[in-house]
2 protein chains.
Amino acid sequence: MSLAENLHAVILAGGSGTRLWPLSTRQKPKQFLSVGGGDSLIRQTWVRIAAWLDARRGWVVCGRDHASLVREHLPEFPAAQILAEPEAKNTAAAIALAALCLSARDPEAVMAVLPADHFIPPSDWAKYSEDLRLASELAVKEQALVTLGIRPTEAATGYGYIERGEAAGSGGFRVKAFHEKPDAKTASHYLGSPSFFWNSGMFVWRAATFLEELKRGLPETHRAIESLRGHLGSAGFERRAAEVFARLENISVDYGVLERSERVAMIPARFAWDDVGALTSLKAMAGGDARDNFFQGAVYPIDASGNMVISHSKPIALLGVMDLMVIEGEKAILILPKQRAQEVRDVVRVLKDAGRDDLL
Amino acid sequence: MSLAENLHAVILAGGSGTRLWPLSTRQKPKQFLSVGGGDSLIRQTWVRIAAWLDARRGWVVCGRDHASLVREHLPEFPAAQILAEPEAKNTAAAIALAALCLSARDPEAVMAVLPADHFIPPSDWAKYSEDLRLASELAVKEQALVTLGIRPTEAATGYGYIERGEAAGSGGFRVKAFHEKPDAKTASHYLGSPSFFWNSGMFVWRAATFLEELKRGLPETHRAIESLRGHLGSAGFERRAAEVFARLENISVDYGVLERSERVAMIPARFAWDDVGALTSLKAMAGGDARDNFFQGAVYPIDASGNMVISHSKPIALLGVMDLMVIEGEKAILILPKQRAQEVRDVVRVLKDAGRDDLL
């Protein structure tokens with residue numbers, strides 16, 4: 001596979017959501033979970049591209065509390081390329097920090113920005129690599145910000161959408177417009193059209209192109225980040241970065257940079273993709289039986305059907321139950337009907353109100 | 001309270017059932033479980049009478065594997081009074097061994113034989129003590145084998161029944177007949193009559209009376225046990241006891257002794273009683289909420305009702321589920337509808353077939 005010589009992977013590992021509680025917790029967000037019994041999502045993110053990308057070109061941006069976990073999951077990464085943010089300020093800041101570091105190392109650096117908590121089935125990893133290759137080709141040739149678009153498989157209202165424009169080479173397209181999370185009717189229309197794609201949060205661009213477009217979209221952020229350039233590698237960097245981050249705007253790269261840029265293109269992804277946004281996402285990654293039970297770990301279903309069960313450390317026996325979700329996390333156990341999986345946040349709120357932050 | 005001077009408590013702790021799995025296991029049968037968050041059942045058995053009985057008159061018969069657990073739960077008991085059976089040979093053998101030891105210590109010993117795994121609500125402990133006092137009075141005065149009968153509260157088919165005869169003093173009655181576990185129709189008839197009682201397995205008698213009646217009902221067992229008398233306290237006792245137990249008949253004291261005796265009386269118990277024969281029994285011992293959820297440990301029910309949940313070490317959150325039983329044991333988690341609580345044995349069988357003896 002021939003990929004741009006200057007390609008670097010920037011894995012975004014700053015997520016700290018609670019939608020996968022009790023599997024994910026603040027100490028161990030979902031990117032560190034071993035999903036499907038194999039590697040953690042963050043490690044899968046790296047392994048997917050490790051065949052053709054040297055670890056010397058692997059970077060991670062993460063929260064300070066998670067830096068040691070990242071080192072554990074990606075032991076081959078140079079310590080200096082694990083960038084711990086002083087505080088979480090959303091994706092624009094995280095990517096800007098990485099772009100600063102990369103551009104200092106290599107002015108021609110191309111960044112593949114890859115969220116650490118997405119799932120792509122291993123059978124599609126070759127297609128994924130090919131799509132990244134096309135995206136980096138397009139990013140270099142057109143000096144564009146390239147986003148990977150996912151063909152909708154349902155009328156989802158939880159994602160932003162990309163509307164594609166004219167063809168742009170390398171199998172890609174110019175982006176005609178970004179659309180915010182739609183209502184159900186609009187989502188249904190998007191699903192029926194070949195022009196609309198989910199905005200996956202996976203991007204490829206030259207670090208230099210990104211910094212130019214950051215300057216246009218978020219000039220304050222650009223100036224603040226650039227003020228750190230002279231201190232890269234110095235003893236005072238950490239303190240200065242903390243001062244800079246404290247004042248940065250909290251804004252996503254989509255709103256702050258992409259939507260304000262004239263140089264945005266997209267590649268339609270040809271691989272299956274899941275952002276593991278709810279416990280039900282795990283179904284595809286677990287083993288199953290003939291009665292539509294999906295499970296991971298030591299699970300013993302007896303006269304039970306349609307259940308989704310994850311055992312962390314204690315074997316789980318089920319008798320005579322249907323369509324239930326049973327999740328044993330490291331610290332707690334959650335039981336709810338499968339069709340109410342979206343309500344995990346309510347559980348988290350109740351536990352918070354009950355003073356059980358220790359479980360979250 | 002004036003109880004017979006010579007009264008000893010003999011706690012039978014040989015049970016090893018699996019009906020309370022995963023709370024109870026072979027290593028830790030139900031008598032060692034802390035039910036309702038307080039003392040273990042075996043310790044409650046002792047604490048109920050400790051107010052008026054010195055630990056020097058407390059005895060336990062248990063399996064060899066559980067002797068150290070018994071010492072842990074009853075640290076005040078003299079080690080020599082924890083009688084470890086070489087092998088389990090049912091209640092006739094267990095009680096015969098205790099009767100031998102007691103009668104050697106005190107020819108006038110009176111034994112209150114108390115299963116270690118029954119539950120009596122603390123509010124009824126005074127009545128319980130008074131009933132034991134009446135039973136011991138009757139046992140001494142009439143040289144009788146006295147059994148405590150429980151007034152049926154439902155048409156249970158899982159217990160043997162006692163039919164009372166004429167009054168016998170001290171509030172007791174002669175026993176007219178024992179009846180084996182009845183069918184539903186017969187059980188319903190028993191429930192409607194004032195003459196029928198559940199055979200609780202709690203007995204009071206003089207050790208000497210018991211040995212006489214053992215000789216009549218089970219002469220072989222009597223001879224074998226008496227052959228150990230000359231070796232009590234000697235170095236060779238354990239080896240000889242093992243030889244004797246290997247040949248003993250496996251039979252309950254009810255079938256082997258009481259049903260074959262002419263000297264059986266009963267005291268109608270005035271206390272509430274539960275033999276904790278199924279997980280549902282635990283309901284009465286757990287906390288509850290306004291939506292008929294019963295739970296023990298850290299349990300967080302959200303929009304959930306009618307559930308029975310026991311948390312051992314991990315907090316359990318429930319959302320939107322009804323009439324479920326969720327039991328987190330030390331080694332495993334069990335989930336089933338409440339109305340199928342009697343089928344726990346099927347779960348145990350499936351786990352056994354799956355080679356998971358380690359969980360049982």
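Visitor: How many residues of chain A are in contact with chain B?
Guide: 36 residues of chain A are in contact with 36 residues of chain B, where contact means heavy atoms within 4.5 Å. This is a predicted model, in which local features need pLDDT of at least 70, side-chain atom pairs count only at pLDDT 80 or more, and totals for chains, interfaces and linings use all residues. Residues are numbered from 1 along each chain as its sequence is written, chains are lettered from A and ligands numbered from 1 in the order in which they are written, and side-chain values use heavy atoms, with hydrogens and water left out.

Visitor: What area is buried between chain A and chain B?
Guide: About 2800 Å², with carbon and sulfur atoms giving 69% of that. Buried area here is the accessible area (1.4 Å probe) that two parts lose on being put together, summed over both.

Visitor: How many salt bridges across the interface?
Guide: The rule finds 4 between chain A and chain B, a salt bridge being a side-chain nitrogen of Lys or Arg within 4 Å of a carboxyl oxygen of Asp or Glu. One salt bridge joins E328(B) to K314(A), with the closest N and O atoms 2.7 Å apart.

Visitor: What rotation superposes chain A on chain B?
Guide: One of 180°, with 0.0 Å of shift along its axis and an RMSD of 0.1 Å. That is the relation of a two-fold axis.

Visitor: Which surface do the copies meet through?
Guide: The same one, because 100% of the interface residues of chain A are also interface residues in chain B.

Visitor: Next, helix α10 of chain B. Which residues are buried there?
Guide: V344(B), V347(B), V348(B) and L351(B), in a helix that spans residues 344-353. Buried means under 20% relative accessible area (1.4 Å probe, protein chains only). Helices are DSSP runs of H or I with at least four residues, strands are E runs of at least two, and both are numbered from the N terminus.

Visitor: What do the buried residues of α10(B) pack against?
Guide: They pack against β12 (299-302) and β14 (316-319) of chain A, together with β16 (333-337) of chain B.

Visitor: And what follows α10(B)?
Guide: G355(B), with a positive phi near 80°.

Visitor: Is C62(A) buried or exposed?
Guide: C62(A) is buried, at a relative accessible area of 0%.

Definitions and conventions: Least-squares fit on C-alpha atoms with pLDDT ≥ 70 in both. Buried < 20%, exposed > 50% of the residue type's maximum accessible area, 1.4 Å probe, protein only.
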